[in-house]
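Trainee: Could you take me through this structure by way of questions and answers?

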Amino acid sequence: MRRNATAARVDRPEVFLELTKSICPLCKRVIDAEVNVRDNRVIMRKRCPEHGPFEALVYSDAELYTAQLRFNKPGTLPLEFQTEVRDGCPLDCGLCPEHKQHACLGIIEVNSSCNLDCPICFADSGHQPDGFALTLEQVSFMIDRFVAAEGEPEVLQFSGGEPSIHPRIIELLELARGRGVRVVMLNTNGLRLARDPRFAADCARVGAHVYLQFDGFDRRTHLAIRGRDLRAEKERALAACEREGLSVTLVAAVEKGINEHEAREIVRLGVSHPAVNSVVFQPVTHAGRHLVFDPLERLTNADVMKLVAAQLPDWFRVDDFVPVPCCFPNCRSMCYALVDSDGVIPLTRLVEVEDYLDYVSNRVLPDPEIRVALERMFSASATPGAEAALLACESCGIDVPAALAGMREHAFLLAVQDFQDPYTLNVRQLMKCCVEQITPDGRLIPFCAYNSVGYREQVRAALAGVEVSPVVPNAVPLQPLLAETPYGSRTMA
Amino acid sequence: MTATAAEIKACCAAAYSSPFAAWLLGPRFHPGGRALTEQLIRALGVPPEGVVADVACGLGESTVQAARTTGSRAIGIDLSPDSIAAARRAAEDAGLADSVEFLVGDAEALPLEDGAVDGVLCECSLCTFPDKERAAAELARVLKPGGRLALSDMVADHERLPASLRTLEAWVACLADARPLGSLVELLAGAGLGVEIVERHDDALARVFERVEARLRLARAALSRDADLGLLERGLDLVPAARESLELGILGYAIVVARRPVDGRDATTRPLAASNLV
């Protein structure tokens, strides 16, 4: 048929990048999803046959997003899988034999209660009438499963709820250390560290690393994200950690329009405080309980890296952040820096990191041990100190590295991690996730699947013996369909 | 001032065999790293059955890269027997002994027959060859008719170089003897090569400056207080001037691709924008 000569053909307003699978944010059924680039923004679009179309911003810089793909390291098989493939990703977690990566980091949520009731909490925790606290036996079994899968696990993080209010938390930390877990972390809001001097001492005694929630310095930030002004408590918690020699990671949840401006001071505190050796920025995860948000205007890793670079131009550039190869490289970017009298020296200025972590060109490297050292550093299980091996082997035969032993306390790690939510969930990334939630029945469920697909609600219902409503995102376009759950999150009305 | 030939050779040998200098410059001595090397190798257009020579190959990393990228045989040539021995070991460890070989040799008297190779790679080293006309003639001689030379090098406009960097000139021979880009192009044309591509890559040099600065700072932070930090401090003091010269185009880094004419006829030379030659 002849085309009408006057009708001009029009290009689509976007570049089609990939077809993947996701879930309906409302009913959680598995649906196809497209990932497209529009105005240099990476946007997921999907349609549920029952609930219609959904769009969400996945990454705000398409150039960075696509450039990161070559950092995709081949995954390593765990020693054992816990489930079988039956319904396909993300319904068989986990880990099922189709999973592409072992667990760099395991998480055990020891309870569901918390001594805070933050407006933002992906775990939907708080002062609640129902809930659970795991027994020593349960946790022991979970660690056994983790060890069976990993051999010598790198990092185990105790979380909650608020793990510090679990009556036997010190024993749990000790238990994990006793099983050969290299780094045992306590993910805490710091209230108990601030108030109970014996607790900080006990944490130090069992060799725990403190993963301290720290969102900023403004009262307004605290009220918006935590519902209370916790500034004095955070300061006391940090002082207690310093006193007891505990090492600390500051973990900031960053939400659009609330605390984006605080990146500079959080990093500066991280660099200067004797107890702190790392800072992690996490764009707020829109799973569980959170503020109303627009899925097309959410913060992504690219935004956070640009915030850091814009607020600390003398210290960091966006290209100082390296995509982490162990997980899917779009999920996490990290920057190591050495602190000296003039500020910080990003590792990327010292070593051509990118040349070593390019897995797509698949070449022979003249010095494979440098790649191994870099892989240890750029991983979800990394902690500062990992760079010592790199600097030693990268510069062997010179007098400098001998002196680098003394540099350890000057090393600083900055990470940016965007967790997926029911809007942005992409099985492409999920299948290579290396951060797993360990469940009391011994499964290792990728963190973002756990929070988005419905696993969290199932586990909570089973442990607490109550019905738990399926949680849906508190997104602008869904507002007319939502009702509040007893925990403050949203469910379908 | 210009260093004598002997001084330049001694300086380069010292720099590249001193572990501290090697560490300061990083594992890849030349600016632009692997990506710029890859661009040069691809520009050679060597077929898989061809041969590439890598002149002043150092530890042979680019030689190996050339063999892998083109699928052809590659010969690395360097003046330093130590570097050649290390390059041989690395190629053997990588299982590439069949496709890569290494020879000790001088760029001004290459140990290759006339027209022996299909492509010549020469990275960041022409500035260190004392007799550049002779070296250029050698690079052209060993090329088959139609074969290409892909070269990267430091470029400098000595008359505009600030006084503070004259000290640097004294101890970094490659800077002392680097030429302006225009005369580099003339040099190759004078050797009978048809220049096809000229590009400035000053950003690559900026990254090297940045790496040297970062490593000087690291060394200063790591070394004990009683160590002699004077040299490190003096090195760090030069960084702002070097950076400024780079921004002004007084210092820079460039690549040139040139072809040996076929059958004695002049190869077509692409017209070059004057701005490229500053």
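Mentor: Before we start, note that this is a predicted model in which local features need pLDDT of at least 70 and side-chain atom pairs count only at pLDDT 80 or more, while totals for chains, interfaces and linings use all residues. Residues are numbered from 1 along each chain as its sequence is written, and chains are lettered from A and ligands numbered from 1 in the order in which they are written.

Trainee: Which strands of chain A stand at the edges of the open sheet of 4 strands?

Mentor: The sheet has the order β1-β2-β3-β4 with antiparallel pairing, where strands are DSSP runs of E with at least two residues, helices are runs of H or I with at least four, both numbered from the N terminus, and two strands pair if DSSP finds at least two bridges between them. Each edge strand has a single partner, so one side of it is left without a neighbour in the sheet, and these strands are β1 (15-23) and β4 (52-59) of chain A.

Trainee: What is the bridge partner of A:T20 in β2(A)?

Mentor: β1(A) pairs with β2 (residues 30-38) of chain A in the antiparallel sense, over 8 bridges. Within β2(A), the bridge partner of A:T20 is A:A33.

Trainee: Is α2(A) roughly parallel or roughly antiparallel to α3(A)?

Mentor: The axes of α2 (residues 136-150) and α3 (residues 169-178) of chain A come within 10 Å and cross at roughly 25°, with axes being lines fitted to C-alpha atoms, for helices over the stretch in contact, and angles running from 0 to 180 degrees between N-to-C directions. Angles under 35 degrees count as roughly parallel, over 145 as roughly antiparallel, 65 to 115 as roughly perpendicular and the rest as oblique. The crossing angle therefore makes α2(A) and α3(A) roughly parallel.

Trainee: Which strands are the edge strands of the open sheet of 7 strands in chain B?

Mentor: This sheet has mixed pairing and the order β3-β2-β1-β4-β5-β7-β6. The strands that pair on one side only are β3 (100-104) and β6 (194-200) of chain B.

Trainee: Which residue of β4(B) does B:V52 stand opposite?

Mentor: β1 (residues 51-55) and β4 (residues 117-123) of chain B run parallel and are joined by 4 bridges. In β4(B), the residue opposite B:V52 is B:G119.

Trainee: What percentage of the residues in chain B are buried?

Mentor: A residue is buried if 20 or more other C-beta atoms, placed from the backbone, lie within 10 Å of its own, exposed if 12 or fewer, and partly exposed in between. Among the 278 residues in chain B, the buried share is 46%.
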